[in-house]
Amino acid sequence: MTLKEMLMQELSDASDPLIVEVLDFLRFLKSKQTEDNADLIEAREALATVAAEGTVDWHDLKAESGL
């Protein structure tokens with residue numbers, strides 16, 4: 001039996017209020033996964049920029065930003 005089939009079997013025995021909670025949680029997890037993937041892409045782009053352009057000295061950055 002596949003995971004989807006096992007989940008569907010469990011859902012067939014669940015009450016409507018529980019199904020509502022499961023659906024809400026599943027949507028949350030899918031949204032979180034999308035956000036995590038976007039964060040990963042952004043991090044990879046930042047690393048590529050650092051690799052291409054190099055980094056800035058911490059003291060120079062603080063001086064430029066007035067800290």
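These are my notebook entries on one protein chain, which is a predicted model.

**Entry 1: secondary structure.** I found three helices and zero strands in the protein. Reading along the sequence, I wrote the pattern down as α-α-α. I then looked up how spread out the chain is. The radius of gyration is 23 Å, while the globule rule gives 11 Å for 67 residues, so the protein is more spread out than a compact globule. I also noted the span of the C-alpha trace along its principal axes, which is about 65 × 25 × 10 Å.

**Entry 2: burial and surface.** What share of the 67 residues is buried? I read off 0%. Buried here means under 20% relative accessible area. For the surface as a whole, I noted that the protein exposes about 6,400 Å². Carbon and sulfur atoms supply 60% of that area.

**Entry 3: charge.** I looked up the charged side chains next. The protein has 6 positive and 15 negative ones. I also checked where the two sets sit, and their centres lie 3 Å apart.

**Entry 4: a negative patch.** Which residues gather in a patch of negative charge on the surface? I listed Glu-35, Asp-39, Glu-42 and Glu-45. Glu-42 belongs to helix H2, which covers residues 16-53. Its relative accessible area is 54%. The cut-off for exposed is over 50%, and Glu-42 is therefore exposed.

**Entry 5: a nonpolar patch.** I then turned to the start of the chain. Met-1, Leu-3 and Met-6 form a nonpolar patch on the surface. Together these three residues have about 370 Å² of accessible area. I looked up Met-1 by itself and placed it in the segment before helix H1 (3-13). Is Met-1 buried or exposed? With a relative accessible area of 68%, Met-1 is exposed.

**Entry 6: Trp-58.** Trp-58 has a relative accessible area of 54%, so I noted it as exposed. I also compared its position with that of Met-6, a member of the nonpolar patch. How many residues apart in sequence are Trp-58 and Met-6? They are 52 residues apart in sequence, and in space they are 54 Å apart, C-alpha to C-alpha.

Methods
Residues are numbered from 1 along each chain as its sequence is written. This is a predicted model: local features need pLDDT of at least 70, side-chain atom pairs count only at pLDDT 80 or more; totals for chains, interfaces and linings use all residues. Side-chain values use heavy atoms; hydrogens and water are left out. Helices (H or I, at least four residues) and strands (E, at least two) are DSSP runs, numbered from the N terminus. The radius of gyration is taken over C-alpha atoms; the globule rule is 2.2 Å times the number of residues to the power 0.38. Buried means under 20% relative accessible area, exposed over 50%, partly exposed in between (1.4 Å probe, protein chains only). Accessible areas come from the Shrake-Rupley method with a 1.4 Å probe; for residues, only the protein chains shown count as cover. Lys and Arg count as positive and Asp and Glu as negative; His and the chain ends are not counted. The place of a charge is taken as NZ of Lys, CZ of Arg, CG of Asp or CD of Glu. Patches are made of residues with over 30% relative accessible area and no salt bridge: like charges are joined within 9 Å, nonpolar side chains (Val, Leu, Ile, Met, Phe, Trp, Tyr) within 5 Å. A salt bridge is a side-chain nitrogen of Lys or Arg within 4 Å of a carboxyl oxygen of Asp or Glu.
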